[in-house]
Amino acid sequence: MGVYRLPGWLLREKLLEGEIDPGEYVASVYERIERLNGRLNAYITVRPREEVEREVRSRLEEAKSRGGLPLAGLLVAVKDNIHVSGLPVTCGSRMLEKYIAVYDATVVERLRGAGAVVVGKTNMDEFAMGSTGETSAYGPARNPWNPDRVPGGSSSGTAVALAAGMATLGLGSDTGGSIRMPAAWTGVYGLKPTYGLVSRYGLVSYADSLEQIGPMARNTRDLAAVLEAIAGFDPRDSTSLRTRPQGLVEAAERGLREGAHGLRVAVLQEFMEHPGVDERVKGLVERAAGLLRDAGAVVGEARLGREVAEYSLPAYYVIAMAEASSNLARYDGVRYGPREPPRPWEGWNTYYSRIRARYLGAEVKLRIMLGSWMLSAGYRDQYYIRALRLRRLVRDRLLRLLEDNDILLAPAVIAPPPRLGEVADDPEKMYALDLATVVANLSGVPAAAAPAGWVEGVPLGVQLIAKPLAEDRLLQALGALEAASGLHDLVAEPAG
């Protein structure tokens, strides 16, 4: 078995004990990158192999000399909207093509402190606006299980890199399902933490009140280790919570070892009855419920209410687009973006419009314009304020259900991954893909995706939702599901 296939926790042990040479590990991952990235388009930027190998050896020596470093020597893929000092931060856009980070995001600082090594920056939907991985200015990422299909977005590149053995650990960001959707379509594990648990300092903003950085991995134990390393209070982030979770790895191990005993799980019925959800997806949710029941959980049913299921998606998009129109105003060729000299007698408004028209993609322009319109006089109350009221309704209903249940089980995706180009030009179809995931972002609660079965040769995942700051219970449930399903450390071998 190739070294790149090993789970991170086992790989770390073997590297520290000298059973695997660091050079062999790095070479195995880079061989995958060199052979597959041209086809799968997972990475936008890859660091030089020699530089990465030196850093891996340094981290391992540090771990041996002073102990600790729970992620010592492990290679991590970072989504390209997170700052890594000295590397480009393109956000999948030509607008930031030449922008180089001058500092590390807090999550990157903490990963380095835990011994991890960044291998590169991964492809993504432009400015995280997309659900399929196709809106990137650098070309679409492809699903390694079937390169004719999409991997999901917007954290597409990180999911592809993990699923194809081009990294061991990963970081993504989740605004409305952008970690969970690609995780569910590529056979990896992805977790959106409680809002404020992980610092957003160094994350390029899209919709501040919705998005969170989160971990991605090929198994629950690695997922927990990354989350434990990056979570905790950061004074540089005004939304950061004054807490640091403990025992997350132990919670994952408890689920793997002892199952889901003591957990109350409820299947959200609105998504099981929704006509837009594929029957095969519903079948996998039922299978996951059965596996958790067999693992010791008490499994029942729960209802959010018809109006929540019906209006959460439009409420999410109104809020996201409104915040995007504000956040992306800075990309104008003066503050950020290509600096081209104004043409003679060209006014500033004309200059801004020319630069933004040239360097921003169609989906980004659409969301900026819609967001600006919904915040304009005469429409703000009709759309934005109403969406905020609906958001509160969603949160109240979800938290009420979580008073009686530890885990809510739902689809992570509404269908198997579409083929490239199938939904990219149809906003209604693309936005509908987020149907089951946006409730967690509107509510600020933790949610994760885990593989539960196969459809048409592609692994498909389900979604687990927990109450705020209950990541330990969420990881226990993920561990129990992983052990029961046997779906972990999956690595695709694309043909050709």
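Arg47, Glu51, Glu55, Arg59, Asp104 and Arg112 are linked in a network of salt bridges, a salt bridge being a side-chain nitrogen of Lys or Arg within 4 Å of a carboxyl oxygen of Asp or Glu. By this rule the count comes to 36 salt bridges. The model is a predicted one, in which local features need pLDDT of at least 70 and side-chain atom pairs count only at pLDDT 80 or more, while totals for chains, interfaces and linings use all residues. Residues are numbered from 1 along each chain as its sequence is written, and side-chain values use heavy atoms, with hydrogens and water left out.

**Individual salt bridges**

- Arg57 and Asp21 meet through their side chains in a salt bridge of 3.2 Å, N to O; the pair links distant parts of the chain, 36 residues apart, with Arg57 in helix 3 (residues 49–66) and Asp21 in the loop between helix 1 (8–16) and helix 2 (22–40). Helices (H or I, at least four residues) and strands (E, at least two) are DSSP runs, numbered from the N terminus.
- Arg57 is partly exposed at a relative accessible area of 34%, and Asp21 is partly exposed at 39%, where buried means under 20% relative accessible area, exposed over 50%, and partly exposed in between (1.4 Å probe, protein chains only).
- Glu97 forms a salt bridge with Arg94, and their closest N and O atoms are 2.6 Å apart; Glu97 is partly exposed, with a relative accessible area of 37%, and Arg94 counts as partly exposed at 31%.
- Arg354 forms a salt bridge with Glu346, the closest N and O atoms being 2.9 Å apart, and here both Arg354 and Glu346 are buried.

**Aromatic rings**

- A search of the whole structure finds 13 aromatic pairs, for which rings of Phe, Tyr and Trp (its six-membered ring) must have their centres within 6.5 Å; planes under 30 degrees apart count as stacked, over 60 as edge-to-face and the rest as tilted.
- Phe127 and Tyr331 form a tilted pair, with 4.9 Å from centre to centre and 45° between the planes; this pair links distant parts of the chain, 204 residues apart, since Phe127 is in the loop between strand 3 and helix 5 and Tyr331 is in the loop between helix 11 and helix 12.
- Phe127 is buried at a relative accessible area of 3%, and Tyr331 is buried at 5%.
- The rings of Tyr351 and Tyr352 have their centres 6.4 Å apart and their planes at 55°, so this pair is tilted; Tyr351 is buried, with a relative accessible area of 3%, whereas Tyr352 counts as partly exposed at 28%.
- Ring pairs link Tyr99, Phe127, Tyr331 and Tyr336 into a cluster.

**Helix 10 and its ends**

- Helix 10 (residues 279–294) has 16 residues and reaches 23 Å from its first C-alpha to its last, close to the 22 Å expected at 1.5 Å a residue, the expected span being 1.5 Å times one less than the number of residues.
- Among the buried residues of helix 10 are Val281, Leu284, Val285 and Leu292, and Lys282 is also one of them.
- Asp278 caps the N-terminal end of helix 10, with a side-chain oxygen 2.7 Å from the backbone nitrogen of Arg280, and just after the helix Gly296 takes a positive phi of about 110°.

**Backbone features in loops**

- A cis peptide bond, with omega about 10°, joins Gly153 and Ser154, and Ser154 is found in the loop between strand 3 (117–122) and helix 5 (156–163).
- Cys91, although not a glycine, has a positive phi of about 55°; Cys91 lies in the loop between strand 2 (75–79) and helix 4 (106–113) and counts as buried at 1% relative accessibility.
- Trp345, also a residue other than glycine, has a positive phi near 65°; Trp345 is placed in the loop between helix 11 (306–327) and helix 12 (348–359) and is exposed, with a relative accessible area of 89%.

**A buried asparagine and a distant pair**

- Asn81 lies in the loop between strand 2 and helix 4 and is buried, with a relative accessible area of 3%.
- Val394 has its place in helix 14 (residues 380–404) and counts as buried at 2% relative accessibility; the C-alpha atoms of Val394 and Gly86, 308 residues apart along the chain, are separated by 41 Å.

Technical notes:
A polar contact is a pair of N or O atoms within 3.5 Å; within protein, one must be able to donate a hydrogen and the other to accept it, and residues adjacent in sequence count only if both atoms are side-chain atoms.
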